[in-house]
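Have a look at the fold before reading on.

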Amino acid sequence: MTDQTLDPEDWESIRKTGHQMMDDVIDYLKDVRSRPVWQSFPEHSKTVLQEKLPVSSMSLDDVYKTFQEHIFPYTKGNIHPRFWAWVQGTGTITGVMADMLASAMNPNVTIGEQSAVYVDAQVINWCKEMMGFPAEASGMLVSGASLANTTALIVARNQMLESVRKNGLAGMSQKPVIYASTETHSCIIKATEGTGIGSENLRRIIVDDDYKIRTDLLIETIESDISKGYLPYCVVANVGTVNTGSIDDLESIRDICRKYKLWFHIDGAFGALARLVPEYQSQLSYIEDADSVAFDLHKWMYMPYEAACVLIKNKKSHQDSFSIQPSYLLNHERGLAAGPESLNNYGIELSRGFKALKVWMSIMENGMQKYADQIKKNILQARYLAQLIIQNKELSLLAPVPLNIVCFRFEPEKISDPIILDRLNKEIVMSLQEQGIASPSSTILNGKYAIRVAITNHRSIREDFDILVREVLRIGHQLIKSMS
Ligand SMILES: *Cc1c(COP(=O)(O)O)cnc(C)c1O
């Protein structure tokens with residue numbers, strides 16, 4: 001009893017279970033196309049997941065059976081070729097295996113002379129190369145773009161607002177203000193709340209017909225804030241807005257930031273990766289001029305959740321925001337506590353998993369050309385879908401398609417009531433999902449309910465978009481028939 005561990009008593013039996021799991025996983029991914037995109041989660045399975053904390057043990061085989069029956073089938077569907085809801089990544093089999101290897105090593109990737117921190121550092125260096133950031137820049141792998149953006153905005157605040165790290169915002173004589181467009185992701189609002197700036201002091205500048213920030217109004221608002229005694233300190237530019245994939249005018253925003261001495265941050269959650277595609281290179285070359293950029297690896301690099309990156313141009317400002325040297329985290333000259341500076345100095349987290357491994361293995365295996373090709377494929381698919389919509393009299397494209405997001409809806413000639421059109425399209429989205437055909441999501445554009453298709457899916461093929469259009473029309477007509 002006293003010498004009992006959590007390791008199995010019989011390693012050979014666990015080997016068998018493990019091999020079975022790997023076989024099941026390979027089939028699960030191999031056959032994903034033949035399954036419905038989504039199916040509703042049965043009440044019975046929900047009940048199983050409400051059982052109380054178990055005290056006694058159960059064999060792993062039995063636990064696995066419960067998983068197979070009640071958990072495995074009822075996925076969100078984002079691994080499926082016809083999943084295009086929100087902005088979600090698809091993952092890969094290599095990612096699955098890398099996560100297993102990472103868990104086997106189980107390193108805490110913060111401090112110590114160990115391979116994992118060097119892998120983490122190499123991945124950060126590769127991310128700098130992807131974004132055209134200099135080798136001296138710094139960065140962190142975090143859970144998602146929400147935390148990546150928040151990390152950057154903590155650095156921006158601490159760098160731009162003097163001694164705020166020590167005295168807090170209460171010590172300031174002027175009220176700091178930050179700028180972004182009305183299309184900016186909600187995580188930026190949370191970040192301004194979380195950094196104590198307050199969402200009222202996030203000036204949300206309206207957008208033009210292309211959903212880009214109105215830079216003329218940005219300048220006007222900055223000037224007006226200065227004249228009223230506020231302290232502008234940062235502009236957040238969008239590269240790929242969540243509603244329509246629009247890209248703000250980065251060159252102008254950079255110039256505005258230079259003129260008014262503001263921190264230039266970019267939320268490029270998925271869009272920043274379009275830099276890999278030659279057609280977008282010049283438009284996105286201005287990312288290189290940003291003070292910080294946040295982007296996800298689990299969206300348009302198709303890594304399994306979770307993985308995102310924040311890059312900070314000026315390493316010192318990054319360190320100055322987070323570095324603390326407690327007595328229990330000292331580096332030594334030799335031994336385990338030697339090695340690179342603690343990553344704790346570059347973010348909020350102390351304990352960190354080895355998410356770098358799946359990124360490292362995937363990039364090593366695929367090479368960046370493959371990622372560029374996949375991203376380009378998704379962009380061309382969005383244009384193809386837009387073309388299908390434009391060519392069909394009963395469908396309306398509701399926004400430009402600058403990247404990988406298509407917003408449209410069913411608008412048959414005989415129906416003009418805006419409330420009925422909204423309801424009809426909402427029904428279409430729910431039916432597509434319930435029938436397991438496809439998973440788009442929705443948004444509201446200029447007051448209109450839109451079916452929204454965001455393509456960050458390496459498994460989608462062209463035919464999937466033909467199916468989508470065909471089924472939207474079929475369900476739409478069926479609904480009209482049942483209404484009359
Ligand atoms: C998805 C997204 C985020 C948030 O990223 P998470 O990885 O979900 O935390 C932020 N901004 C934009 C534009 C996004 O698309």
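The notes below go from the overall layout to the cores, the surface and a few backbone details.

## Ground rules

This is a predicted model, where local features need pLDDT of at least 70, side-chain atom pairs count only at pLDDT 80 or more, and totals for chains, interfaces and linings use all residues. Residues are numbered from 1 along each chain as its sequence is written, and side-chain values use heavy atoms, with hydrogens and water left out.

## Two domains

The protein splits into domain 1 (107-353) and domain 2 (364-483); the bounds come from an automatic or database domain assignment. Their C-alpha centres sit 31 Å apart. Across the divide, 26 residues of domain 1 are in contact with 26 residues of domain 2, contact meaning heavy atoms within 4.5 Å.

## The nonpolar cores

First, the wording. A nonpolar core is a set of buried Ala, Val, Leu, Ile, Met, Phe, Trp, Tyr and Cys residues joined through side-chain atoms within 4.5 Å. Buried means under 20% relative accessible area, exposed means over 50%, and partly exposed is in between (1.4 Å probe, protein chains only). In soluble globular proteins, nonpolar side chains tend to be buried together.

Which residues touch the most other members of the largest nonpolar core? They are Met131 and Phe295, out of 104 residues in that core. Helix H5 (residues 115-131) supplies the largest share of this core, with nine residues; helices (H or I, at least four residues) and strands (E, at least two) are DSSP runs, numbered from the N terminus. Domain 1 (107-353) and domain 2 (364-483) each put at least three residues into this core. Apart from it there's another core, of 32 residues, with Leu388, Val469, Leu479 and Ile480 among them.

Back to Met131: leaving aside neighbours within four places in sequence, its contacts are Ala272, Leu273, Arg275, Ile287, Glu288, Val293, Phe295 and Leu311.

## A greasy spot on the outside

Ile26, Ile93, Val96 and Met97 make up a nonpolar patch on the surface, with about 250 Å² of accessible area together. Patches are built from residues with over 30% relative accessible area and no salt bridge, joining like charges within 9 Å and nonpolar side chains (Val, Leu, Ile, Met, Phe, Trp, Tyr) within 5 Å. A salt bridge is a side-chain nitrogen of Lys or Arg within 4 Å of a carboxyl oxygen of Asp or Glu. The areas come from the Shrake-Rupley method with a 1.4 Å probe, and for residues only the protein chains shown count as cover.

Helix H4 (residues 93-105) gives the most to this patch, with three residues. Met97 lies in helix H4 and counts as partly exposed because its relative accessibility is 32%.

## Thr17, tucked into helix H1

Is Thr17 buried or exposed? Thr17 is buried, since its relative accessible area is 6%. It lies in helix H1 (residues 11-30) and, leaving aside neighbours within four places in sequence, is in contact with Leu60 and Asp61. Thr17 and Tyr64 are 47 residues apart along the chain, and their C-alpha atoms are separated by 8.8 Å.

Tyr305 and Glu306 are joined by a cis peptide bond, with omega about -5°. Glu306 is in the loop between strand S7 (292-296) and strand S8 (308-312).

Asn106 has a positive phi, near 45°, in a residue other than glycine. Its place is in the loop between H4 and H5, and it is exposed at 61% relative accessible area. Ser163 also has a positive phi, near 55°. Ser163 is found in the loop between helix H6 (145-160) and helix H7 (164-167), and is partly exposed at 43%.
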